[in-house]
Amino acid sequence: MTEKKTLKLDEWEALATKQMKGMNPEEMTWMSPEGVPVKVLYTADDTKGLEHIDSLPGMEPYMRGPMATMYAGRPWTIRQYAGFSTAEESNTFYRKNLAAGAQGVSVAFDLAT
């Protein structure tokens, strides 16, 4: 069995900079549509002090979700969001989607306006 080589951060940065033809990793940070900077690499230093790191799903303060097993035992609910100009059209659409396997509907009463 071969030993795993642990790269140091400075070695990684040099390799990344070389692969990006001189652009260093800090220059590769981009902004999400919400204005959140997204780095190319995250390390343990980036997660220090985050409240939810030591929390568990299904337990207070529910930072990792309301269910202990989340969706491991129950898949996500598939919903269709829609609304039409008349109640009859909307009802027909929702019934058709539920019959086809949708598990819920999100009704948009004012979508037509």
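Predicted model: local features only at pLDDT ≥ 70, side-chain atom pairs only at ≥ 80, totals over all residues.
Colleague: How much confidence does the predictor place in the protein, and where is confidence lowest and highest?

Modeller: The mean pLDDT is 82, and 89% of the residues reach 70 or more. Confidence is lowest in strand S3, residues 79-82, with a mean of 72, and highest in strand S2, residues 37-38, at 96.

Colleague: What is the order of the elements from the N terminus on?

Modeller: The protein has 3 helices and 4 strands, and they run α-β-β-α-β-α-β. Of the 113 residues, 14% are buried.

Colleague: Why is the pair of Phe93 and Tyr94 called edge-to-face?

Modeller: The structure holds 1 aromatic pair. The ring centres of Phe93 and Tyr94 are 6.0 Å apart, and a pair needs centres within 6.5 Å, so the two rings count as a pair. Their planes stand at 75°, and the cut-off for edge-to-face is over 60, so the pair gets that name.

Colleague: What makes Tyr94 buried, and what is Phe93 called?

Modeller: Tyr94 has a relative accessible area of 8%, and buried means under 20%, so Tyr94 is buried. Phe93 has 23%, which lies between the 20% and 50% limits, so Phe93 is partly exposed.

Colleague: Where is Ser90, and how do you know whether Ser90 is buried or exposed?

Modeller: Ser90 sits in helix H3, residues 87-99. Its relative accessible area is 10%, which is under 20%, so Ser90 is buried. Leaving out residues up to four places away in sequence, Ser90 touches Gly83 and Phe84.

Colleague: Which residues line the largest pocket?

Modeller: The lining consists of Leu9, Trp12, Glu13, Pro25, Glu26, Thr29, Lys39, Val40, Leu41, Thr43, Asp45 and Asp46. About 250 Å³ of space lies in this pocket. Helix H1 (9-19) and helix H2 (44-47) each supply at least two lining residues, and the largest share, 3 residues, comes from H1. By kind, the lining divides into 5 nonpolar, 2 polar and 5 charged residues.

Colleague: What is phi of Tyr62, and why is Tyr62 called partly exposed?

Modeller: Phi of Tyr62 is near 60°, again a positive value in a residue other than glycine. Its relative accessibility is 45%, between the limits of 20% and 50%, so Tyr62 counts as partly exposed. Tyr62 lies in the loop between H2 and S3.

Colleague: What kind of peptide bond joins Glu60 and Pro61?

Modeller: The bond is cis, with omega about 5°. Most peptide bonds are trans. Pro61 is found in the loop between H2 and S3.

Note on methods. Residues numbered from 1 in each chain as written. Heavy atoms only, no water. 1 Å grid on protein atoms, 1.4 Å probe; cavity = no way out; pocket = protein on both sides within 12 Å on 5 of 7 lines; lining within 4 Å. Points joined across faces, edges and corners; volume = space filled by probe spheres on them. Nonpolar A, V, L, I, M, F, W, Y, C, P; charged D, E, K, R; others polar. Phe/Tyr/Trp six-rings, centres within 6.5 Å; stacked < 30°, edge-to-face > 60°. Buried < 20%, exposed > 50% of the residue type's maximum accessible area, 1.4 Å probe, protein only. pLDDT = per-residue confidence, 0-100. Contact = heavy atoms within 4.5 Å.
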